Amino acid sequence: MTGPNGTSAAANLKIDGDRLWDSLMEMARIGPGVAGGNNRQTLTDADAEGRRLFQGWCENAGMTMSVDRMGNMFMRHEGAEPDLDPVYIGSHLDTQPTGGKYDGVLGVLAGLEVIRSIRDMGVKTRRPIVVTNWTNEEGTRFAPAMLASGVFAGIHDEDFANSREDAEGKRFGDELQRIGWRGDESPGDRKIHAMFEYHIEQGPILEAEGKQIGVVTHGQGLWWLQVTLTGKDAHTGSTPMDMRVNAGLGMARITEAVHRIAMDHQPNAVGAIGQANVYPNSRNVIPGKAVFTVDFRSPELDKLSSMRARLETDAAEIARELGLGIEIEPVGHFDPVTFDPELADMLRNAAGRLGYSHMDIVSGAGHDACWINRLAPTVMIMCPCVDGLSHNEAEEISPEWASAGADVLLHAALEAAEILR
């Protein structure tokens with residue numbers, strides 16, 4: 001993917017770190033959270049405002065906008081040969097309800113800063129570069145996560161996406177129309193030469209290892225399994241212990257089993273129960289029903305499959321011992337991802353030339369890049385975040401970390417887009 005001039009012409013190029021940080025702080029003023037972070041959930045009025053701000057910045061940088069029917073935004077910087085497939089840089093602008101200022105947003109605004117910087121320096125590339133904001137990556141309002149990039153990649157169809165409902169029964173398609181960001185372009189009707197996604201790590205490894213750059217070689221696969229246990233509601237004071245059919249007890253034992261299963265599959269495997277509800281959820285009533293979601297992840301497909309099979313066997317045995325009914329329904333899944341080795345080499349080489357410490361890393365979370373990887377060569381780059389904290393208003397990175405990753409992104413994108421100067 002290197003151009004005729006390789007990367008020697010770009011050896012001293014760097015982004016404007018102050019401008020990138022100022023952009024992050026200005027975007028963070030839209031949809032502020034209650035504790036210093038952000039609540040800019042997808043397809044809200046705040047999301048629409050953030051999109052308009054991003055659009056204006058991009059157009060001021062000479063870029064042209066296209067929007068598809070999922071609301072995915074494609075901001076194009078022209079290349080010397082416009083018919084060549086573009087290099088894409090993308091992530092997302094939507095946040096969790098109590099999200100941080102950097103998750104997703106850093107990758108979008110660093111892409112914008114790449115274009116601003118190469119324009120400032122008069123750098124030309126053979127291929128166009130397209131900066132993308134993917135709709136509804138978080139999935140917190142409309143499940144599943146990575147919804148619009150999933151439609152783009154052919155994982156979901158448009159009718160499925162448009163029919164997703166939030167907690168208030170509002171449909172994805174209706175809300176996209178309401179905020180004015182439904183485009184005309186057919187999702188997936190684009191050619192991609194390569195895609196880069198820059199993201200905060202959302203974990204503690206880079207900071208603990210003292211590394212500035214994470215080159216993401218793999219993404220963990222995932223199973224979300226919703227477990228429903230059915231017992232019998234009964235008074236906690238007057239029901240003898242040996243006559244109870246306690247769904248809450250079953251959930252507790254399965255919670256322990258999930259931890260044990262993940263530990264038995266070490267290394268490179270994790271598992272936990274995140275979402276849990278008991279019914280009727282009264283202080284003095286033994287739960288007659290429990291509904292909870294098991295989250296298993298691993299970059300190794302055999303381990304991922306084994307953990308699911310073991311859970312189904314062990315949970316059924318626990319339910320039998322306690323006299324509970326049980327149903328287990330898969331509600332989310334993707335296989336482990338291997339990102340493009342050539343693009344990963346570009347990131348390592350760029351970090352080395354720039355003098356930034358780096359290491360290979362596996363992404364513990366799902367990202368839009370995981371779906372786009374099915375269509376075109378794709379890779380992710382990560383920077384550290386303080387204490388590994390993310391999906392939290394206290395999420396924090398440093399301006400230096402943000403700039404270092406954006407510098408590496410700049411160099412790798414220029415190599416893939418084939419620099420002419």
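**Note on the two-domain model**

1. The protein splits into domain 1 (17-220 + 336-420) and domain 2 (221-334), with bounds taken from an automatic or database domain assignment. This is a predicted model, in which local features need pLDDT of at least 70, side-chain atom pairs count only at pLDDT 80 or more, and totals for chains, interfaces and linings use all residues. Residues are numbered from 1 along each chain as its sequence is written, and side-chain values use heavy atoms, with hydrogens and water left out.

2. The C-alpha centres of domain 1 and domain 2 are 34 Å apart. Nine residues from domain 1 and eleven residues from domain 2 make the contact (heavy atoms within 4.5 Å).

3. Between the domains, about 780 Å² is buried, 68% of it from carbon and sulfur atoms (accessible area, 1.4 Å probe, that two parts lose on being put together, summed over both). On the domain 1 side, Gln 220, Pro 336 and Trp 371 lose the most area to domain 2, together 65% of what that side buries.

4. There are zero salt bridges between domain 1 and domain 2 (a side-chain nitrogen of Lys or Arg within 4 Å of a carboxyl oxygen of Asp or Glu). The side of domain 1 that touches domain 2 has five nonpolar, four polar and no charged residues (Asp, Glu, Lys and Arg count as charged; Ala, Val, Leu, Ile, Met, Phe, Trp, Tyr, Cys and Pro as nonpolar; the others, Gly among them, as polar).

5. The unreviewed UniProt entry places a "binding site" at His 92, Asp 103 and His 199; such annotations may be inferred rather than shown by experiment. These residues spread over 108 residues of sequence but cluster in space, with a largest C-alpha distance of 9.7 Å.
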